[in-house]
Amino acid sequence: MKNLSSQSKVEYSLLAIAFFGVAGSITSVIMFGFNLIFMLGSIPMYTILFYGYKNMKDISKSISHSKFTMEGANRGDFERREIFTSCGGDLEELSHNINNFMDQIEYFMREIEVSIGAASKNKYYRRVTARGLNSHFQQTAEMISSAITSMELEYKSKINDEFAY
(Lines give C-alpha, C1' and ligand atoms only; values in the text may rest on other atoms or scores of the structure.)
Protein backbone atom coordinates (compact mmCIF):
# COMPACT_ATOMS: atom_id res chain seq x y z
CA MET A 1 0.00 0.00 0.00
CA LYS A 2 3.08 2.18 0.23
CA ASN A 3 3.27 2.86 -3.53
CA LEU A 4 -0.43 3.63 -4.07
CA SER A 5 -1.67 7.09 -4.94
CA SER A 6 -3.66 9.12 -2.43
CA GLN A 7 -6.93 8.55 -4.25
CA SER A 8 -6.32 4.78 -4.40
CA LYS A 9 -5.70 4.76 -0.65
CA VAL A 10 -8.98 6.59 -0.07
CA GLU A 11 -10.85 4.19 -2.40
CA TYR A 12 -9.44 1.16 -0.58
CA SER A 13 -10.21 2.73 2.78
CA LEU A 14 -13.83 3.27 1.77
CA LEU A 15 -14.07 -0.31 0.54
CA ALA A 16 -12.57 -1.57 3.81
CA ILE A 17 -15.07 0.48 5.84
CA ALA A 18 -17.91 -0.92 3.74
CA PHE A 19 -16.61 -4.47 4.15
CA PHE A 20 -16.22 -4.20 7.92
CA GLY A 21 -19.61 -2.46 8.18
CA VAL A 22 -21.32 -5.30 6.34
CA ALA A 23 -19.38 -7.90 8.35
CA GLY A 24 -20.37 -6.11 11.57
CA SER A 25 -24.03 -6.01 10.55
CA ILE A 26 -24.02 -9.71 9.67
CA THR A 27 -22.27 -10.55 12.95
CA SER A 28 -24.78 -8.45 14.88
CA VAL A 29 -27.72 -10.26 13.26
CA ILE A 30 -26.15 -13.66 14.01
CA MET A 31 -25.28 -12.84 17.61
CA PHE A 32 -28.21 -10.67 18.69
CA GLY A 33 -30.88 -11.37 16.12
CA PHE A 34 -32.45 -9.02 13.61
CA ASN A 35 -32.90 -5.50 14.93
CA LEU A 36 -34.86 -3.18 12.62
CA ILE A 37 -33.65 0.01 14.35
CA PHE A 38 -30.01 -1.04 13.97
CA MET A 39 -30.49 -1.93 10.31
CA LEU A 40 -32.33 1.33 9.56
CA GLY A 41 -29.54 3.21 11.33
CA SER A 42 -26.97 1.56 9.04
CA ILE A 43 -28.63 2.79 5.84
CA PRO A 44 -27.26 6.37 6.06
CA MET A 45 -23.75 5.02 6.67
CA TYR A 46 -23.89 2.78 3.59
CA THR A 47 -25.42 5.60 1.53
CA ILE A 48 -22.59 7.94 2.51
CA LEU A 49 -20.00 5.23 1.79
CA PHE A 50 -21.49 4.56 -1.64
CA TYR A 51 -21.64 8.30 -2.43
CA GLY A 52 -18.03 8.79 -1.28
CA TYR A 53 -16.78 5.82 -3.30
CA LYS A 54 -18.64 6.97 -6.42
CA ASN A 55 -17.19 10.48 -6.09
CA MET A 56 -13.68 9.09 -5.62
CA LYS A 57 -14.11 7.08 -8.84
CA ASP A 58 -15.27 10.23 -10.68
CA ILE A 59 -12.30 12.19 -9.33
CA SER A 60 -9.87 9.42 -10.31
CA LYS A 61 -11.37 9.28 -13.82
CA SER A 62 -11.07 13.05 -14.23
CA ILE A 63 -7.46 13.07 -13.03
CA SER A 64 -6.59 10.15 -15.33
CA HIS A 65 -8.03 11.96 -18.33
CA SER A 66 -6.16 15.15 -17.43
CA LYS A 67 -2.99 13.08 -17.20
CA PHE A 68 -3.72 11.52 -20.63
CA THR A 69 -4.30 14.98 -22.16
CA MET A 70 -1.10 16.44 -20.72
CA GLU A 71 0.97 13.38 -21.67
CA GLY A 72 -0.14 13.96 -25.27
CA ALA A 73 0.82 17.62 -25.04
CA ASN A 74 4.20 16.60 -23.67
CA ARG A 75 4.72 14.57 -26.87
CA GLY A 76 3.54 17.44 -29.10
CA ASP A 77 -0.08 16.33 -29.56
CA PHE A 78 -1.88 19.60 -28.92
CA GLU A 79 -5.19 18.41 -30.36
CA ARG A 80 -6.23 16.29 -27.38
CA ARG A 81 -8.85 17.93 -25.24
CA GLU A 82 -10.13 17.48 -21.75
CA ILE A 83 -13.54 15.94 -21.25
CA PHE A 84 -15.42 18.21 -18.89
CA THR A 85 -15.97 16.62 -15.55
CA SER A 86 -19.25 16.57 -13.72
CA CYS A 87 -17.39 16.69 -10.41
CA GLY A 88 -17.58 20.47 -10.35
CA GLY A 89 -15.35 22.73 -8.30
CA ASP A 90 -11.60 22.63 -8.77
CA LEU A 91 -11.61 19.64 -11.13
CA GLU A 92 -14.04 21.33 -13.49
CA GLU A 93 -11.96 24.50 -13.38
CA LEU A 94 -8.83 22.42 -14.03
CA SER A 95 -10.36 20.82 -17.13
CA HIS A 96 -11.44 24.24 -18.46
CA ASN A 97 -7.92 25.61 -17.86
CA ILE A 98 -6.26 22.62 -19.55
CA ASN A 99 -8.51 23.05 -22.60
CA ASN A 100 -7.85 26.78 -22.76
CA PHE A 101 -4.11 26.17 -22.51
CA MET A 102 -4.24 23.51 -25.21
CA ASP A 103 -6.30 25.83 -27.46
CA GLN A 104 -3.73 28.60 -27.07
CA ILE A 105 -0.74 26.33 -27.69
CA GLU A 106 -2.35 24.69 -30.73
CA TYR A 107 -3.38 28.07 -32.23
CA PHE A 108 0.02 29.61 -31.53
CA MET A 109 1.91 26.68 -33.09
CA ARG A 110 -0.28 26.75 -36.22
CA GLU A 111 0.19 30.48 -36.62
CA ILE A 112 3.96 30.14 -36.33
CA GLU A 113 4.04 27.20 -38.74
CA VAL A 114 2.08 29.07 -41.42
CA SER A 115 3.97 32.36 -41.02
CA ILE A 116 7.46 30.85 -40.94
CA GLY A 117 6.52 28.39 -43.71
CA ALA A 118 5.51 31.25 -46.00
CA ALA A 119 8.60 33.31 -45.09
CA SER A 120 10.87 30.37 -45.86
CA LYS A 121 9.50 30.53 -49.44
CA ASN A 122 10.14 34.28 -49.60
CA LYS A 123 6.44 35.03 -49.21
CA TYR A 124 5.97 37.63 -46.52
CA TYR A 125 2.23 38.25 -46.58
CA ARG A 126 1.52 36.21 -43.43
CA ARG A 127 2.24 37.37 -39.90
CA VAL A 128 1.56 35.56 -36.62
CA THR A 129 -1.90 36.56 -35.41
CA ALA A 130 -1.93 37.07 -31.64
CA ARG A 131 -5.65 37.69 -31.19
CA GLY A 132 -7.03 35.79 -28.18
CA LEU A 133 -3.65 34.65 -26.90
CA ASN A 134 -2.26 35.37 -23.45
CA SER A 135 0.23 38.21 -23.07
CA HIS A 136 3.39 36.09 -23.29
CA PHE A 137 2.24 34.44 -26.52
CA GLN A 138 1.26 37.87 -27.86
CA GLN A 139 4.75 39.22 -27.16
CA THR A 140 6.37 36.25 -28.86
CA ALA A 141 4.00 36.55 -31.84
CA GLU A 142 4.93 40.21 -32.20
CA MET A 143 8.65 39.32 -32.09
CA ILE A 144 8.20 36.66 -34.78
CA SER A 145 6.16 39.02 -36.96
CA SER A 146 8.84 41.68 -36.52
CA ALA A 147 11.52 39.17 -37.55
CA ILE A 148 9.48 38.24 -40.63
CA THR A 149 9.19 41.95 -41.51
CA SER A 150 12.98 42.27 -41.21
CA MET A 151 13.43 39.23 -43.43
CA GLU A 152 11.06 40.77 -45.98
CA LEU A 153 12.94 44.08 -46.00
CA GLU A 154 16.28 42.31 -46.40
CA TYR A 155 14.90 40.15 -49.21
CA LYS A 156 13.50 43.19 -51.04
CA SER A 157 16.78 45.03 -50.55
CA LYS A 158 18.69 42.05 -51.99
CA ILE A 159 16.32 41.87 -54.99
CA ASN A 160 16.68 45.63 -55.59
CA ASP A 161 20.49 45.35 -55.40
CA GLU A 162 20.46 42.55 -57.98
CA PHE A 163 18.43 44.67 -60.40
CA ALA A 164 20.63 47.71 -59.83
CA TYR A 165 23.54 46.11 -61.69
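Among contacts in the protein chain that link residues at least 6 apart in sequence, 52% join residues at least 24 apart. The structure is a predicted model. Its protein chain holds four helices and zero strands, and the elements follow the order α-α-α-α from the N terminus.

**Overall dimensions**
- The protein chain has a radius of gyration of 30 Å, whereas a compact globule of 165 residues would have one near 15 Å.
- Taken along the principal axes, the box filled by the C-alpha atoms of the protein chain is roughly 110 × 30 × 20 Å.
- Of the 165 residues in the protein chain, 25% count as buried.

**Packing of helix α1 and helix α2**
- Helix α1 spans residues 6-32 and helix α2 spans residues 36-74; their axes come within 10 Å and cross at roughly 160 degrees.
- Because of this crossing angle, α1 is roughly antiparallel to α2.
- The crossing in which α1 passes α2 is left-handed.

**Residues of the contact**
- On the α1 side, the contact is made by Gln-7, Val-10, Glu-11, Leu-14, Leu-15, Ile-17, Ala-18, Gly-21, Val-22, Ser-25, Ser-28 and Val-29.
- On the α2 side, Phe-38, Met-39, Ser-42, Met-45, Tyr-46, Leu-49, Gly-52, Tyr-53, Met-56, Lys-57, Ser-60 and Ile-63 take part.

Key
Residues are numbered from 1 along each chain as its sequence is written. This is a predicted model: local features need pLDDT of at least 70, side-chain atom pairs count only at pLDDT 80 or more; totals for chains, interfaces and linings use all residues. Side-chain values use heavy atoms; hydrogens and water are left out. Axes are lines fitted to C-alpha atoms, for helices over the stretch in contact, and angles run from 0 to 180 degrees between N-to-C directions. Helices (H or I, at least four residues) and strands (E, at least two) are DSSP runs, numbered from the N terminus. Angles under 35 degrees count as roughly parallel, over 145 as roughly antiparallel, 65 to 115 as roughly perpendicular and the rest as oblique. A crossing is left-handed if the near helix is turned anticlockwise from the far one by less than a right angle, and right-handed if clockwise. Contact means heavy atoms within 4.5 Å. The radius of gyration is taken over C-alpha atoms; the globule rule is 2.2 Å times the number of residues to the power 0.38. Buried means under 20% relative accessible area, exposed over 50%, partly exposed in between (1.4 Å probe, protein chains only).
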